[in-house]
Amino acid sequence: DHKINEDGTRRLGFAASPRFACGFARMLSQGTLRAVRATGNAKRGMATLQEVRARMKSVTNISKITKSMKMVAASKLRKVQEPMEVSRLLAEGTQRLASKVEASSDGKRMIAGLFSDRGLCGGINSSIAKVIRSKLEPGSSDTIFTIGDKGRAQLNRLEGRRFVGNINEIGKSGAPLFAEASIVAEQLLAQEFDSMTVVYNQFKSVISYEQVEKVVPSLGAAAEAEFSGYEFDDESKEAVLRSAFEFHLAATLYNSMLEGATSEMSARMTAMDNATRNAGDMIERLTLHYNRTRQAVITRELIEIISGAESLKKAD
């Protein structure tokens with residue numbers, strides 16, 4: 001149905017051309033659907049970008065924390081390493097006297113394990129726990145005394161019945177003190193045992209340490225030993241040997257605590273350095289993913305705009 005405008009031109013009515021009306025409606029619906037899809041894709045792209053950006057921020061904060069913890073561990077390592085080297089001389093001096101005593105291989109044995117109170121220091125605690133488990137014989141009367149909170153947490157589930165004591169918060173103010181080692185020695189002497197094995201981490205270098213076992217004889221074995229080259233009064237021999245044994249035990253524990261603390265700080269410094277490096281690598285991967293996603297969103301939007309423009313040209 002053609003109609004004449006006032007200016008003499010003709011216009012086409014939609015009612016007179018159903019095919020044209022259907023085609024125009026189809027084109028309009030396709031353009032609307034394309035616009036909706038573009039909006040949805042853009043929203044999904046923006047959501048992904050926001051998630052990646054949030055994760056990048058989180059990893060960056062973690063990297064700052066691990067870097068700070070590495071610096072703190074390095075500072076504490078320098079403070080602990082010097083007294084540790086001095087304690088080695090003390091332990092070696094008392095060990096020469098204790099070497100004349102033969103520890104009993106039979107009877108009741110107590111294993112004293114030195115652990116840390118805090119984690120994030122590599123595998124120093126699990127290594128000590130592994131050594132202690134390997135030394136425990138099924139059905140034996142062996143007992144466990146742990147120094148450090150992590151030791152009880154790792155051994156209590158399977159070997160809880162063997163525990164006779166636990167002490168933690170040693171060296172909380174800095175390096176372990178000889179007074180603290182003496183208190184631990186008193187706690188150990190209050191237990192019943194025929195021989196005692198001290199298991200701890202011995203510091204080798206900033207990147208290495210190893211597990212060491214030291215056998216400490218009981219006071220009864222020391223009283224029966226022959227000390228050639230030493231003279232004792234019959235009345236004071238027992239008291240002198242008891243004092244020497246107690247001092248040897250305290251010196252051994254003091255050196256073991258400092259060796260363990262030094263190993264802990266070096267292991268924590270290494271662990272935090274690795275964590276900082278891993279965080280840096282993750283930030284690089286996330287940045288690359290963020291840039292690629294952002295570029296994909298921009299490219300998709302450009303394609304939709306160009307497609308819409310082409311559709312309008314064809315419609316005209």
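**Fold, burial and charge pairing in the predicted model**

Asn201 sits in strand β6, which covers residues 195–205. Helices (H or I, at least four residues) and strands (E, at least two) are DSSP runs, numbered from the N terminus. The structure is a predicted model, in which local features need pLDDT of at least 70 and side-chain atom pairs count only at pLDDT 80 or more, while totals for chains, interfaces and linings use all residues. Residues are numbered from 1 along each chain as its sequence is written, and side-chain values use heavy atoms, with hydrogens and water left out.

Asn201 is buried, because its relative accessible area is 3%. The C-alpha atom of Asn201 is separated by 9.5 Å from that of Gly113, although the two residues are 88 apart along the chain.

The protein contains six helices and seven strands. Read from the N terminus, the order of elements is β-β-α-β-α-β-α-β-α-β-β-α-α. The chain has 316 residues, of which 35% count as buried.

Helix α1 spans residues 18–98 and includes Gln81. Gln81 counts as partly exposed, because its relative accessibility is 25%. Gln81 and Ser266 are 185 residues apart along the chain, yet their C-alpha atoms are separated by 9.9 Å.

Helix α3 (residues 149–159) has Gly151, Leu155 and Glu159 as its buried residues. Viewed down the axis of α3, these residues fall within an arc of 20°, so they line one face of the helix. The arc is that of the directions from the helix axis to the C-beta atoms. Ala153 and Arg157 are exposed on the other side of α3. An α-helix has 3.6 residues a turn, so residues three or four places apart point the same way.

Charge pairing was examined next. A salt bridge is a side-chain nitrogen of Lys or Arg within 4 Å of a carboxyl oxygen of Asp or Glu. A search of the whole structure returns nine salt bridges. One of them joins Lys135 to Glu213, with the closest N and O atoms 3.0 Å apart. This pair links distant parts of the chain: Lys135 belongs to helix α2, Glu213 belongs to strand β7 (residues 208–217), and 78 residues separate them. Glu213 is partly exposed, because its relative accessible area is 42%.

Lys204 forms a salt bridge with Glu210, and the closest N and O atoms are 3.2 Å apart. Lys204 is partly exposed, at a relative accessible area of 46%. Glu210 is also partly exposed, with 35%.

Arg242 forms a salt bridge with Glu246, the closest N and O atoms being 3.2 Å apart. Both residues lie in helix α6 (residues 237–315), four residues apart, about one turn of the helix. Arg242 counts as partly exposed at 41% relative accessibility. Glu246 is partly exposed at a relative accessible area of 30%. Lys70, Asp273 and Arg277 are linked in a network of salt bridges.

Surface patches were also identified. Patches are made of residues with over 30% relative accessible area and no salt bridge; like charges are joined within 9 Å, and nonpolar side chains (Val, Leu, Ile, Met, Phe, Trp, Tyr) within 5 Å. Accessible areas come from the Shrake-Rupley method with a 1.4 Å probe, and for residues only the protein chains shown count as cover. Lys and Arg count as positive and Asp and Glu as negative, whereas His and the chain ends are not counted. The place of a charge is taken as NZ of Lys, CZ of Arg, CG of Asp or CD of Glu.

Lys76, Arg78, Lys79, Arg118 and Lys172 form a positive surface patch. Arg118 is located in the loop between β3 (109–114) and α2 (124–135). Arg118 counts as partly exposed, because its relative accessibility is 44%. A nonpolar surface patch is formed by Ile298, Leu302, Ile305 and Ile306, which together have about 380 Å² of accessible area. Ile305 is found in helix α6. Ile305 is exposed, with a relative accessible area of 59%.

Leu120 is not a glycine but has a positive phi of about 55°. Leu120 lies in the loop between β3 and α2. Leu120 is exposed, at a relative accessible area of 55%. Glu169 has a positive phi near 60° and is likewise a residue other than glycine. Glu169 lies in the loop between β5 (163–167) and α4 (178–189). Glu169 is partly exposed, with a relative accessible area of 37%.

Methods:
Buried < 20%, exposed > 50% of the residue type's maximum accessible area, 1.4 Å probe, protein only.
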